[in-house]
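Student: I would like a close look at one part of this protein, with the rest of the chain as background. Here is the model I have in mind.

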Amino acid sequence: MKFKIQPVILALGIFSLCVGIWQMLQTKTMILPSWFLLLLSLPCTLLVFFGLGMLVKKILNSKWRALTFASIFVIIFSSIFYISEYRPVYTVVIPEGYVGEVRLLVSNEKENDFFINNYGIGYIDRKTFDEGFYPKIIKGDNEITKQVKEYSKGALATTPGDIYSYEYLSFFVPAKGESVEDKDIEELIKIKAIDTTHLYRR
């Protein structure tokens with residue numbers, strides 16, 4: 001029985017490795033693309049796992065193959081990495097004709113509102129803002145997630161007379177060569193494009 005379980009462990013190891021590779025490819029990096037970092041790190045990581053497998057086999061004087069113990073390390077490492085990097089996927093819906101900056105303002109409510117209005121404004125709850133998520137961006141009938149290259153967080157420096165707090169996550173919807181002038185948050189509040197009942201009061 002103990003030998004029959006080895007193919008199961010090997011299969012789980014391969015599956016866990018595939019999940020870990022997929023998760024790493026989804027992880028945003030600051031400079032080098034994630035696939036490049038994966039190509040650099042994967043061979044060394046696999047060698048380390050195999051070395052650990054051989055070491056454990058020798059210490060335990062086991063008849064199991066070193067590859068089986070290596071698979072156990074892959075399963076453990078991939079599970080920890082997946083849990084630490086896991087982010088939910090949320091769909092952000094943008095009006096079909098909109099181009100320019102999209103701002104997801106931190107909301108005082110416990111749910112997200114990712115249906116962006118005609119001025120590029122949506123609302124994100126504090127937990128999602130802090131922990132992060134993977135966006136699926138829909139514009140009209142098309143998914144444009146891959147066209148959006150950068151995401152950033154910001155906060156507006158408010159004046160003493162301004163009682164609201166403005167933290168936000170933002171990204172730009174490509175404009176296909178045309179120049180788009182974005183309104184600042186104060187202008188958007190004046191024209192009531194931002195619902196201030198969703199915002200934190202200082």
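Student: Why does Leu55 count as partly exposed?

Tutor: Leu55 counts as partly exposed because its relative accessibility is 45%, and that class covers values between the 20% limit for buried and the 50% limit for exposed. Keep in mind that this is a predicted model.

Leu55 lies in helix α2, which spans residues 34-60.

Thr128 sits in helix α4, residues 126-131. Thr128 is buried, because its relative accessible area is 7% and the buried class takes values under 20%. Apart from neighbours within four places in sequence, Thr128 touches Tyr90, Asn112 and Phe133.

Cys18 is partly exposed, since its relative accessibility is 48%. Cys44 falls into the partly exposed class as well, because its relative accessible area is 49%; the exposed class would need over 50%.

Now the background. The protein chain has 202 residues, of which 34% count as buried. Its exposed surface comes to about 13300 Å², and carbon and sulfur atoms supply 62% of that area. The secondary structure consists of 5 helices and 9 strands. In sequence order the elements run α-α-α-β-β-β-α-β-β-β-β-β-α-β. Among the contacts in the protein chain with a separation of 6 or more, 59% join residues 24 or more positions apart.

Last, the confidence of the prediction. The mean pLDDT of the protein chain is 81, and 84% of the residues score at least 70. Confidence is highest in strand β3 (residues 121-125), with a mean of 93. The lowest value belongs to strand β7 (residues 164-165), where the mean is 68.

Definitions and conventions:
Residues numbered from 1 in each chain as written. Predicted model: local features only at pLDDT ≥ 70, side-chain atom pairs only at ≥ 80, totals over all residues. Heavy atoms only, no water. Helix = DSSP H or I, 4+ residues; strand = E, 2+ residues; numbered from the N terminus. Buried < 20%, exposed > 50% of the residue type's maximum accessible area, 1.4 Å probe, protein only. Contact = heavy atoms within 4.5 Å. Areas by Shrake-Rupley, 256 points an atom, 1.4 Å probe, with all protein chains shown as cover. pLDDT = per-residue confidence, 0-100.
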